[in-house]
Amino acid sequence: VYDINRGADGRLYVSDYGAREIWRIDPATSAYARYQGVGSAIDARPDFAGNIWWTDAATFFGRLDPATGALTTWDLGEDRNLWGLAFDEAGRVWMSEWFGSGSQIHSFDPMTHELCSYTLPGGTYGYYILYDSGYLWLINWFGDQIVRFQPASGGLLRWSIGAPSAMPQGLALDGDGHLWWADGSGELSRLDPDSNQRTRYPLPDGAGSAAVMIEARGQRIWYTEIDSGTVGALDPARASGAISTLATVSGSVKPTCSNLGTGTTAQATTLSGTLSWASATVTPNVQADGWEVYRLAASAEPYDLVGGDGLLWVTDQGRQK
């Protein structure tokens, strides 16, 4: 299991890459639907109309109508390693690459079937992207940069975050418009795009710790550590961090566009049922200086996380839960 996302209706959407299926779960009733035949699913999430979109971490992306099980997929014809998804206000689907040509992002218009590809400077980009208020955020892994792209103008702004590359994955925006990312070097980082200031918060559990995914919930920043089997939270108002000013580079890019057509249609196999839950209690193994860290079971490998209704949901690759 990779990603977990939450729709406007409160349902959870889980990408099961290995089983090649997508789960839709209603936390209120524990009812689920499993959609099979979608291929290797990454970052499955609903759009504004309730259709589920995903990529396969390779060549294609798709749309599923959960009401009918109708599938439509589009294949870009070469190994783009499509990964993260985001939607803009116009209903366009944005996708990132993580290898392959490695330096492109794509937008797809479901109404016109137009695909526009933007070649970004600086080499290979990271897994996930984030869209908010007219801007697309992403990470340039091997260029050690945070990147903000404005589709309306084609404008780029890049912040240099320094070497060595930590290959961060998770991205989140807090209520103040600051960008956070989970840094594989063992810290969480916050960028104020107005002042160009970066604040670095070393994880409290010592050497070998490496955050994977991240989410801003209220005043706290939640994160996962897959290798150490922990889930943690940071209250930046109570924690100390190292502040530096980052150098920026601006520029612009223009898209290359084509029409992908109506895609390939098929029918998903839908299985339904009700989840059963097992209760347990975890207590913080770190609780000081603005940090709260929980260690899960010995075999746990927490990956993605999403909050809602006072709960935090986490995918567990180690135990497939």
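I take a charge to sit over a ring if NZ of Lys or CZ of Arg is within 6 Å of the ring centre and within 35 degrees of the ring normal. With that in hand I looked up Arg 148, which lies over the face of Tyr 135 at 4.2 Å from the ring centre.

**Ground rules.** I am reading a predicted model, in which local features need pLDDT of at least 70 and side-chain atom pairs count only at pLDDT 80 or more, while totals for chains, interfaces and linings use all residues. Residues are numbered from 1 along each chain as its sequence is written, and side-chain values use heavy atoms, with hydrogens and water left out.

**Aromatic rings.** I searched the whole structure for aromatic pairs and noted 21 of them, where rings of Phe, Tyr and Trp (its six-membered ring) pair if their centres lie within 6.5 Å. One aromatic cluster is formed by Tyr 2, Tyr 17, Trp 83, Tyr 127, Tyr 128 and Tyr 303.

**Arg 11.** I found Arg 11 in the loop between strand S1 (4–6) and strand S2 (12–16); strands here are DSSP runs of E, at least two residues, numbered from the N terminus. Is Arg 11 buried, partly exposed or exposed? Arg 11 counts as partly exposed because its relative accessibility is 27%, given that buried means under 20% relative accessible area, exposed over 50%, and partly exposed in between (1.4 Å probe, protein chains only). Leaving aside neighbours within four places in sequence, I listed its contacts (heavy atoms within 4.5 Å) as Asn 5, Arg 6, Arg 24, Ile 25, Asp 26 and Pro 27. The Arg 11 side chain also makes a polar contact with the side chain of Asp 9, at 2.8 Å. For a polar contact I require a pair of N or O atoms within 3.5 Å; within protein, one must be able to donate a hydrogen and the other to accept it, and residues adjacent in sequence count only if both atoms are side-chain atoms.

**Asp 316.** I then turned to Asp 316, which lies in strand S32 (residues 311–316) and is buried, with a relative accessible area of 4%. Not counting residues up to four places away in sequence, Asp 316 touches Val 1, Ser 299, Ala 300, Glu 301, Pro 302 and Lys 321. Which backbone nitrogen does the side chain of Asp 316 reach at 2.8 Å? That nitrogen belongs to Glu 301, and I also noted the backbone nitrogen of Gly 318 at 3.0 Å from a polar atom of the Asp 316 side chain.

**An open sheet.** I traced five strands that form an open sheet in the order S21-S22-S23-S30-S29, with antiparallel pairing; two strands pair if DSSP finds at least two bridges between them. Its edge strands, each pairing on one side only, are strand S21 (214–217) and strand S29 (284–288). Within this sheet, strand S22 (residues 220–225) is joined to strand S23 (residues 230–234) by five bridges, and Trp 222 has Ala 233 of S23 as its bridge partner.

**Hairpins.** Strand S18 (residues 179–183) and strand S19 (residues 187–192) pair in the antiparallel sense over five bridges, with Trp 181 partnered by Ser 189 in S19. Their hairpin has three residues between the strands, and Gly 186 takes a positive phi near 105°. I followed S19 onward to strand S20 (residues 197–202), to which six bridges join it in an antiparallel run, and saw that Arg 190 stands opposite Thr 199 in S20. That hairpin has four residues between its strands, and Asn 196 in the turn has a positive phi of about 65°.

I also checked strand S9 (residues 82–87), which is mostly covered, six of its six residues being buried. Four bridges join S9 to strand S10 (residues 93–97), and the two run antiparallel; Ala 86 has Trp 94 in S10 as its bridge partner.

Ser 30, in the loop between strand S3 (21–26) and strand S4 (31–36), has a positive phi near 70° and counts as buried at 11% relative accessibility. Ala 57, in the loop between strand S6 (52–55) and strand S7 (60–65), has a positive phi of about 65° and is buried, with a relative accessible area of 8%.

Terms used: Phe/Tyr/Trp six-rings, centres within 6.5 Å; stacked < 30°, edge-to-face > 60°.
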